[in-house]
Amino acid sequence: MENKKTSQLTLLNRFQSFTKHPFFGIFLAAFVMILIQVLGNSGILKPSAVDILANIWIYMIVGLGFTLLLGYAGLASLGTAGFIGVGSYVIGFVFNQMGMNFFVAFILGVVLAIILGTIVGFISLRIEGMYLAIITLGLSEILVEVFKFWTPVTGGVNGVQIARPEFFGKVLEREEVYFILVFFMVVVMISVVNIIASPTGRAMLSIKNSTSAAQAMGISVLKYRLMTFVISTVIAVIGGMLYMTYNRATTPNMWSIALSLNILAAVVIGGSKSIWGVGLGSLLIFGLDQLVLKRIEFFQVYGNASFILNGALIILVVMFYPGGIIRMFKDLSNFTKKQINGIIRSYKEYRYGKQ
Amino acid sequence: MANNKANTLNNRYNHQIEQLKYKMRYQTQYVDVIKEKLDQKRIKELKKMGQSHQKELYALELETLSDLSYLEIFEAPLIKKLDEKLVWQQRAIAQSLKRGLSKNPSAKEELLAKAQLQKDLALKKNNEKKELVHQKFSARSKTEIQLRGSLIAYEAEKARLNKLHEEKNQALLLENEKIIAEQKSKTDISNKQLKEKIESIVKQKSTLNITDTQHEMNDDVILSLRDLTMKFGGLVAVDHLSFDVKAGEVFGLIGPNGAGKTTVFNCITQFYKATSGTVIYKDRNLDNVLLNDFKVHNVIKEGIVRTFQNVELIWELSILDNLLVGAHTLYHTNFFSHLVHTRRYKREEEILRARAIKILTDLDLILYKDWYPLGLPYGILKLVELARTLMTNPRLIILDEPAAGLNDIETEKLVHTIRKIQKDYKCTIFLVEHDMDLVMEICDTICAISFGKKLAIGTPKEIQSNKLVQEAYLGGE
């Protein structure tokens, strides 16, 4: 009897210690994502809402790579959309011209990402801040032009469409692709959390804070800037590949500056140093518009008004919460605690009089 | 040409020796980490056991209490609580009476009577409760013989449990010792192999016989500048400067504002590439190396660490993580093991974390372990920067104005710390400072420069009495 009790206790203790582990939140998030798909299948959630959420998860994956760049290495880039586009076209090209081969597509995509990331990384050694953003923007626009005019590979303005993807002879339904997406989300989240808590993450932060201190401590600025750009680009390309396998269509217009700016906004609004901040930011930027505002009559009539809302949100967050909305939750809990204590005190005074 | 080839071979051997030595150090340090971990585990287990025993003991201990102390321990607090409650009730009644009077002063007597009634009721209820409590506890009464018997039982049980505790402790200690001995024997064997490897490499190295007359230095010199010149366009910041720094001493570089002291530092640590002249350094293998050939981020690997004039800490990392940034070159795991947190990486992290904590305790900074640098006093930040330099077991620490912006007490503490570092960590310290009291107090040798040119070099007394130096500071004539 006693033995049973103690074993239960240790199980509980183990669970408690696991809740403090950084991976607990990640698995919880994956569980919620799977739950959304299950709800969509059972008809409680609309299929269109599940689609929108799936696309948000894809942008969140890309945003996670972008946090390393912006929040940790302190490099502003506006070329993200172009890299996502590259991923989507790689899948389109490989599937249409070489048959359904996931592995070839994956390897090709990662190799392309490493090449692109290295190019941008070398540029970033000479140029910093706003100028780097402008140059990456230019690179992204070049990529969009390539998508438009390299017709034999990219299909020109009409883009590329693929059939349902096949995996080991099995045709994948949309729901199954969703699970692949969740799997990649977990992998990317865990990698980002691991990188942040490792010497690599600390090296990135030290380069952002003080280049000379980093060099004096033996951190090679070249190596880590290149590395950050390559990681971020690889994650963006993986996001593009997931986008293509899920939506099965891509056109050049989708990968313009607007998407890059939206991802930047999502990371800045949510909190550029927290993976949960990125999730929150992408839900706000991509989800608020399509899931909530589209149901309100005013926004149906004036479709672009949601952009104004996003802009106002960015201004407010940058002015009052430079650390992102994720900081707001902490402040909010402190505030409520303070208020509740004040209420209790004033009630005591009313009931018992001043001491 | 042949010499060049020999040099590259020599460098390669040095690198191999360094790697092997690192491996040996790593293995020996890991034994300590395991020891500490096992100790913590043992203490935790014993504590757990003690807690479960304590519960059993409490029941027996209750029996040994005499009636009086039993009442005192269990009844008195309840009574006290009830008393307190009565006070609160009375205060509430008084307050409501006050409010009623201010609202409706005409019905004064009525309200007073009501309040009195309420007070009486509260008192009555309170007394009833007290009676109940008293009844509950007075049911227990024990004779002296009973008490003595239970005391004996309690003592016996206590002794038995203590014995169990001790036995468990011994068993755990034995087990831990076994594990540690196993690990030690393993590391001893592999260390022996590594030593043999190192010896063979050293033998190979000795056959190379490099003849390098250009960079020869005296045996006790660790750093030597020869005709160092640094020009920014037309401005000559450092002009044919040459001096030697002896191993183990505190060397001070002084000069009026704009004399080019910081430029000298930057030339040594390769932040600036010198226009001409050489910087020669004696590395861990007692070979003379030319620092001019090194990249900025490789200088630290030779054991030269610097601090900055205005504190350059990583503001977004805690103090402990800042120290780990200082140990960046000691990590031998690559990016992919950081990506998946392999066991090897975790071990490395543990070892370096233990070292960081040791250094922080040495410098009395352990209190600020998890703090962020932003908002800490300047004196502490300077000390943290000093602690960060110690992470890599440096041979030469270069301090750029360590006392700038500190008050007298902080400066005193800094002097103490620098002395301690010099003694405990056996490093050479090379510093630039404007605070003459500090320089004269701690430096063994001082070099005075002005407009990039050397004025004098010698002991503090010699420098103080030197005419050229006085002129440079106070103006000529």
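Reply: B:H341 is partly exposed, because 17 other C-beta atoms lie within 10 Å; a residue is called buried at 20 or more such neighbours within 10 Å, exposed at 12 or fewer and partly exposed in between, with C-beta atoms placed from the backbone. This is a predicted model, in which local features need pLDDT of at least 70 and side-chain atom pairs count only at pLDDT 80 or more, while totals for chains, interfaces and linings use all residues. Residues are numbered from 1 along each chain as its sequence is written, and chains are lettered from A, with ligands numbered from 1, in the order in which they are written.

B:H341 sits in the loop between α7 (335–340) and α8 (343–362) of chain B, where helices (H or I, at least four residues) and strands (E, at least two) are DSSP runs numbered from the N terminus. Although B:H341 is not a glycine, its phi is positive, at about 50 degrees.

By an automatic or database domain assignment, chain B is divided into domain 1 (2–60 + 149–206), domain 2 (67–141) and domain 3 (221–474). The centres of domain 2 and domain 3 of chain B, taken over C-alpha atoms, are 72 Å apart.

Turning to the sheets of chain B, one is open, has six strands in the order β6-β7-β8-β3-β9-β10 and shows mixed pairing, two strands being paired if DSSP finds at least two bridges between them. Its edges are β6 (304–306) and β10 (453–458) of chain B, each of which pairs on one side only. Neighbouring strands in this sheet are turned against each other by 15 degrees on average, direction ignored; the axes behind such angles are lines fitted to C-alpha atoms, for helices over the stretch in contact, and angles run from 0 to 180 degrees between N-to-C directions. Inside the sheet, β3 (250–254) and β8 (428–432) of chain B pair in the parallel sense over four bridges, and B:F251 stands opposite B:F430 of β8.

A further open sheet of chain B is formed by four strands in the order β2-β1-β4-β5, with antiparallel pairing. Here β2 (235–246) and β5 (288–290) of chain B are the edge strands, each pairing on one side only, and neighbouring strands are turned by 20 degrees against each other on average, direction ignored. Between β1 (221–232) and β2 of chain B the antiparallel pairing runs over eight bridges, and B:M230 has B:V238 in β2 as its bridge partner. Helix α5 of chain B packs on this four-stranded sheet, where it touches β1, β2 and β4 (276–282) and its direction makes about 65 degrees with that of β2; residues are in contact if their C-beta atoms, placed from the backbone, lie within 7 Å. The helix α5 (261–268) also lies across strands of the six-stranded sheet, namely β3, β6, β7 (396–400), β8 and β9 (445–450) of chain B, and runs at about 145 degrees to β7.

For a sense of distance along chain B, consider B:D39, which has its place in helix α1 (2–64) and counts as partly exposed with 14 C-beta neighbours inside 10 Å. Its C-alpha atom is separated by 61 Å from that of B:A472, 433 residues away along the chain.

Finally, there is the neighbouring chain. Chain A as a whole has 16 helices and four strands, and 39% of its 355 residues count as buried. Its C-alpha trace spans about 85 × 60 × 55 Å along the principal axes.

Definitions and conventions
Contact = placed C-beta atoms within 7 Å.
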